[in-house]
Amino acid sequence: FGDMTSNSSSGFTGSMDLADKVQSRHDIIKKVWDFFETEPFWRMKPRPDLVPTNVWCLADPGREYLVYLQNPGTVSITVSNGPFRVEWINAQNTADRRTAPMTTNGLDLISPADGDDWLVHLETPLESWRSSYFPNAVQQQASLHDDADPDGDGIKNLAEYFFATDPNTPNAGGNLPSIIKTNDALSFQYVRVQGSSPLSLVTEFSPDLIHWSAGIEGLDYDNPTITPETNEIGRAHV
């Protein structure tokens, strides 16, 4: 594929001799290959209906969008289930990545002014967390699922995300719920992702540790309070 004699219209060299290769063209193909190994592209489909004409889009709607622009500029993407974290990727050098403000509606996303062609990558906070811990999506497919437990500590990925723990390190940190006794009252304390988490914790009660039912906030237990610790996590008290 990379050994055309001059351009895409001139055909192939027809040679299997490595001495005839045009290495720079092979390098371009390898960069594309390496980039898509980091993406769960098998979940995504072409969605030209979500972007303007002459803009190209792969999407797993509600989770992830990858959009290609031939030139710097502004693009609007029809999204659902926001908010999304926004990252611009230089298509000439995919190591050049630039974070932009989050978006809830995908409208009027502005690329960097320099460079040539750009990719804009939108991910929900959960998918961004997943990408950060499992950067090679192709090789780590089995570890990506919500119910996967790659470190074998009995805590599935969704819980690892919610409690801001490391899914690759068993029982990392002291973030899981702990019981605190104050006088005659018991409370639970845990660390959780703040703000844009798509998950919520259900507090359940049981008279026999076999049959469980959800409690009513404000009736069965006090409203939880959250003390911010960083921009990403807060300590909750129930």
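**Leu66 and its surroundings**

Good morning. Leu66 touches Phe35, Phe36, Met44, Trp56, Cys57, Leu58, Leu119, Val120 and His121, leaving aside residues up to four places away in sequence; contact here means heavy atoms within 4.5 Å. This is a predicted model, in which local features need pLDDT of at least 70 and side-chain atom pairs count only at pLDDT 80 or more, while totals for chains, interfaces and linings use all residues. Residues are numbered from 1 along each chain as its sequence is written, and side-chain values use heavy atoms, with hydrogens and water left out.

Is Leu66 buried or exposed? Leu66 counts as buried because its relative accessibility is 5%; buried means under 20% relative accessible area, exposed over 50%, and partly exposed in between, with a 1.4 Å probe and protein chains only. The C-alpha atoms of Leu66 and Leu119 are separated by 6.7 Å, although these residues are 53 apart along the chain.

Let us turn to the strands. Leu66 belongs to strand β3, where strands are DSSP runs of E with at least two residues, and helices are runs of H or I with at least four, numbered from the N terminus. Strand β3 (residues 64-69) runs antiparallel to β2, and 5 bridges join them; two strands pair if DSSP finds at least two bridges between them. Within this pairing, Trp56 has Tyr68 in β3 as its bridge partner. The two strands, β2 and β3, form a hairpin with 3 residues between them, and Gly62 in the turn has a positive phi of about 85 degrees.

Ile28 counts as exposed because its relative accessibility is 53%.
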